[in-house]
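The sequence and structure come next.

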Amino acid sequence: MPPEPLYLNQGVDYLGFLNAKLRDLRGWSTLINELVQNADDAEGATVLTVEITDEALIVENNGVFKDCGSIEERECRWGARPCDFHSFRRVASGHKRNEENTTGAFGLGFISVYQVTDHPRLESGNWTWTLDPAEIETRRIAAVRRDQPLDATRFTLPWAIGKSRVREGLAQPPVDRADIEQLPEIFAAALRAAAPFLRRLKTLELLRSGARVALITRESDPAATDLLIDDGESVQLWRRLVSSFDSDAADLRTRYGTGIEEKRSSDVTVLVPHGDLPADGLLYAYLPTQHRIALPVLINA
């Protein structure tokens, strides 16, 4: 008889995993875009507020995390489409890849917050969760039931100012106070750029220690051809042109199969400004990319 095998666990160096993912998610604009995308994917969210304080970056939207009522269980009772709290527990679970009206993969973009914080805090509904990525797997989330439910979703990201075990494990430098002072201008520009093709969010607000820095509002009718964006400094009216490449998309899906999620749309939207034309345009994948284009329009595909 062959000897019985000795079964051993095989884990993951969690800080090393986050370190590797952060390499593709670095930069202030990337951070704010990922936070905007998470909010825009949240069911019921229409308002996003970003506040920069001396102690933390606070990001709040008026959507609420879906709760199955048994967050302490390893598996969600909702099955293949788990509640938001269970999805948040599984970093890079990717279930949003197949959900309609979402852009990202749940938990992957959130990794970007570790650029600036060691211990992010989530508050939504009945729960406050504080994360510690340096802890063992069974102790990485400290969950406390709230005395009063929060009818919103708030992420508080205390600045990682000094050296720490988390900073070392992530190979990330501490946050420089001088960088924090530059953030209002950087974030205001990033929020303005993010506004044109959002799905749910209608209002984007930026605060510095309670004082408003920027307020961007979007007004559109799904049946209308125009989009109005007011960023407090100027009002821009855009003509919306929509088409699709359905036949080409069908060929691509046949060729690449499951490599293209079913939710990926073949629609293309072009925004052409009324009035003065910008010097150049920009390519979007709902949020702005770094690909400038020669035409003075915005293209989302």
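Is R139 buried or exposed? R139 is exposed, at 55% relative accessible area; exposed means over 50%, buried under 20% and partly exposed in between (1.4 Å probe, protein chains only).

## Basis

This is a predicted model, in which local features need pLDDT of at least 70 and side-chain atom pairs count only at pLDDT 80 or more, while totals for chains, interfaces and linings use all residues. Residues are numbered from 1 along each chain as its sequence is written, and side-chain values use heavy atoms, with hydrogens and water left out.

## Salt bridge count and network

A salt bridge here is a side-chain nitrogen of Lys or Arg within 4 Å of a carboxyl oxygen of Asp or Glu. The count by this rule is 13 salt bridges. A network of salt bridges links E60, R121, E123, R146 and R154.

## R139 and E135

R139 forms a salt bridge with E135, with an N to O distance of 3.8 Å. E135 is partly exposed, at 27% relative accessibility.

## R192 and D231

The side chains of R192 and D231 form a salt bridge at 3.4 Å, N to O. R192 lies in helix α5 (residues 177–194) and D231 in the loop between β7 (226–230) and β8 (235–244), so the pair ties together parts 39 residues apart in sequence. Helices (H or I, at least four residues) and strands (E, at least two) are DSSP runs, numbered from the N terminus.

R192 is partly exposed at 25%, whereas D231 is buried at 14%.

## R239 and D226

R239 and D226 form a salt bridge at 2.8 Å, N to O. R239 is in strand β8 and D226 in strand β7, so this pair ties together parts 13 residues apart in sequence. R239 is partly exposed at 34% relative accessibility, and D226 is partly exposed at 24%.
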